[in-house]
Amino acid sequence: MQPDDAYLQAVEQLTERAVRTAQPLRSDFAGAGEKTCTAVEQRVEELSAELVQLSRQLHAEPEEGFAEHRSVEKVAALLRAHEHQVSTGIGGLETAFQAVVGTGGPHVAVLAEYDALPGIGHGCGHNIICASAVGAFLAAAAELPETGGRVSLVGTPAEEGGGGKEHLARAGVFDDVDAVVMLHPFSHDIATHPFLGRRQVEIVFHGVAAHAAAQPFMGRNALDAAVATYQGVAALRQHIPPTDRVHGVITDGGKRPNVVPDRAALLFYLRSSVPGALADMARRVEKIARGAAAATGCGVKLNWDANPPYLPIRHNTALAARWTQHQARRGRKALPGGAVPEYLTGSTDLGNLSYRLPAIHPMIGLGNPTLALHTEEFAAAAASPGGDRAVLDGAVGLALTALDYLADPQLREAVSEEFAAAGGPVDVASFFD
């Protein structure tokens, strides 16, 4: 039976009205100037066939995280065809790469993602993320300001749960980078859409097996502990902030009904818009599991974060306003945060970088306001004319935002001041210790 969609329809109507009336972010900085804007748009137009072809090729041959070998080869071949050197296997990850232009001065990194989802391929549109980032790098490379500065293209594998950016950060790949920019396809154009922090935990209970009919009193039921934990987490949902989420499955519940299960396991994802709230939710879930173990006489082990946890995104609005202005050149209205319901979101490892240095992660619309990420419908849109347009508009926006940062010292100062006012750099690697 399909859920009733009355609420969803009401939300869509409210969102439509909010989109019409929302006022985009404004920026009064000089940036790189009109001459550079025109040159970048012209360069992206010259590259358009190659960029769209790259996006479509990645889409046609999806690869999951840490296995994106063909994708990296295609990107590297295109960059080398334009006489750029590419380093692959950076940061200890086989499918990570980097290309750099310029010397000295401030350094902006444009980030590419290219991993796909199991079963539905590019249902998150990472083919668009990658192709637009490549286009931005190639266009910006030809327009570096005379004052100096560097632009790099960093290929970051396994965003879908693998935490590629966090692995690269811990390996020092971003140590000399001053700001990072990237985009993500979506149902709407949004300059500052929130993404939630995320942790994952496997909870394993160990009991005592016994014949469930003849001697159940000699057993300790691990499945009972797992069910009690699942119900306890369900009760917790009423008492967490409305932006936060916790969801899980029982991955092991025993083998046969006539044997008291001596092992049971669950896997939960915990998400929050505030780093401290995510840490608090983790503590509460752990107490629930240990309480269930005590109640059933079982042992319990909690295995946290098989891959690095994700922090929520900290947006830099000074940079996001530049993106907004450049998207207006392309006929797009990049909405401010809140115009589209902020619970329509997920998690990304870009959040981890945004607590190390200034970052933007704007959303670029594919022409359908009802699209949902991680669906077959979104995968189809990622290889549609709307997806192709997003590649080109995104390449222009990212290139010009990066060049603005390099060319305008007042903008750089504003970006740095905003980052410092938000709390400055955080020791992400040890945050949840």
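These legends go with close-up views of a predicted model.

**View 1. An open sheet built from four strands.** Reading across the sheet, the strands come in the order β8-β9-β7-β10, and they pair antiparallel. The edge places go to β8 (245-252) and β10 (299-304); each has a single partner strand, so one side of each has no neighbour in the sheet. Strands next to each other here are turned by 20° on average, with direction ignored.

**View 2. Zooming in on the β8 and β9 pairing.** Strand β9 covers residues 263-272, and its antiparallel pairing with β8 runs over seven bridges. Look for Gly248, which sits opposite Phe268 of β9.

**View 3. Helix α6 lying across the strands.** This helix takes in residues 222-236 and lies across β7 (197-206), β8 and β9. Against β9, α6 runs at about 15°.

**View 4. Arg80 in helix α3.** Here we move to α3, the helix of residues 69-81, where Arg80 has its place. Ala99 is 19 residues away from Arg80 in sequence, and their C-alpha atoms are 9.8 Å apart in space.

How values were computed: Residues numbered from 1 in each chain as written. Predicted model: local features only at pLDDT ≥ 70, side-chain atom pairs only at ≥ 80, totals over all residues. Heavy atoms only, no water. Helix = DSSP H or I, 4+ residues; strand = E, 2+ residues; numbered from the N terminus. Pairing = 2+ DSSP bridges. Axes fitted to C-alpha atoms, helices over the stretch in contact; angles between N-to-C directions. Contact = heavy atoms within 4.5 Å.
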